[in-house]
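Hello,

Here is the structure I promised to hand over. Please open it first, then read the notes below.

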Amino acid sequence: MSDCLFCKILAGEIPSAKVFENDAVYAFRDINPQAPVHVLVIPKTHIPSLDALTAENQESATACLLAIPGIAKAEGLETGYRVISNVGEDGGQTVKHLHFHLIGGKKLGEKMA
Ligand code: 5GP
Ligand code: ZN
C-alpha cells in the first residue's frame, strides 16, 4: 500500500528504530513511547487491522504474536508486559496497518479504557 505509513517504514522509505525482524514480522520502537518500552510489532504484509483478519491471512497476525515473547525477553520485560491492538476509530487506531503495541518496563496501570 503506497499511502500506508507502516508499509513505507517496511520499504525503508521512512526511518525506524528496528528491534526485531524475521520473514513475516518487523518490530520497531514507537516514535511516541507511552512507557519505557514501547515497541510496534507489524506483519510485513499489509492488513488494515485485526478486523480484516481472515482464515487466509491469519498467519500474518499469528507471526506477530509468536514473535512477541522473544522481543519481550530481549527488552528485559521478565516481570510482564501488555499487548494492545487498536481497531478502528473508536479503538483509537491511527495507522491502518495491523500492529501490536508491546508496552512495558514499568508497573502498568489497571485501567485499559
Ligand atoms: P495506533 O494509534 O494506530 O494504535 O498506533 C500507531 C502508533 O504509531 C502510535 O503509537 C504512534 O506513536 C506510532 N507512530 C506514528 N507515526 C510513527 C512513525 O513515523 N514512526 C514510528 N516509529 N512510530 C510512529
Ligand atoms: Zn501497510
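Which residues coordinate the zinc ion (ligand 2)? Keep in mind that this is a predicted model. The donors are C4 (SG), C7 (SG), H46 (ND1) and H97 (ND1). They sit at 2.1 to 2.3 Å. The 4 donor atoms subtend angles of 105 to 116 degrees, so the arrangement is tetrahedral. Along the sequence, the spacing of the donor residues reads C-x2-C-x38-H-x50-H.

C4 counts as buried because its relative accessibility is 6%, under the 20% cut-off. H46 has a relative accessible area of 24%, so it is partly exposed.

The largest pocket holds about 320 Å³ of space. It has 20 lining residues; Q34, H38, N86, H101 and I103 are the closest to its centre. β3, β4 (81-84) and β5 (100-104) each give two or more residues to this lining. By class, the lining has 8 nonpolar, 9 polar and 3 charged residues.

The second largest pocket holds about 180 Å³. Its lining includes L5, F6, I9, F28, R29 and L40. Here α1 and β2 (25-29) are the elements that give two or more residues. The largest share, 3 residues, comes from α1. This lining has 9 nonpolar, 1 polar and 2 charged residues.

Best wishes

Note on methods
Residues numbered from 1 in each chain as written. Chains lettered and ligands numbered in written order. Predicted model: local features only at pLDDT ≥ 70, side-chain atom pairs only at ≥ 80, totals over all residues. Heavy atoms only, no water. Donors = N, O, S within 2.8 Å, 3.2 Å for Na, K, Ca; no water. Tetrahedral: all angles 85-135°; square planar, octahedral: opposite > 155°, others 65-115°. Buried < 20%, exposed > 50% of the residue type's maximum accessible area, 1.4 Å probe, protein only. 1 Å grid on protein atoms, 1.4 Å probe; cavity = no way out; pocket = protein on both sides within 12 Å on 5 of 7 lines; lining within 4 Å. Points joined across faces, edges and corners; volume = space filled by probe spheres on them. Helix = DSSP H or I, 4+ residues; strand = E, 2+ residues; numbered from the N terminus. Nonpolar A, V, L, I, M, F, W, Y, C, P; charged D, E, K, R; others polar.
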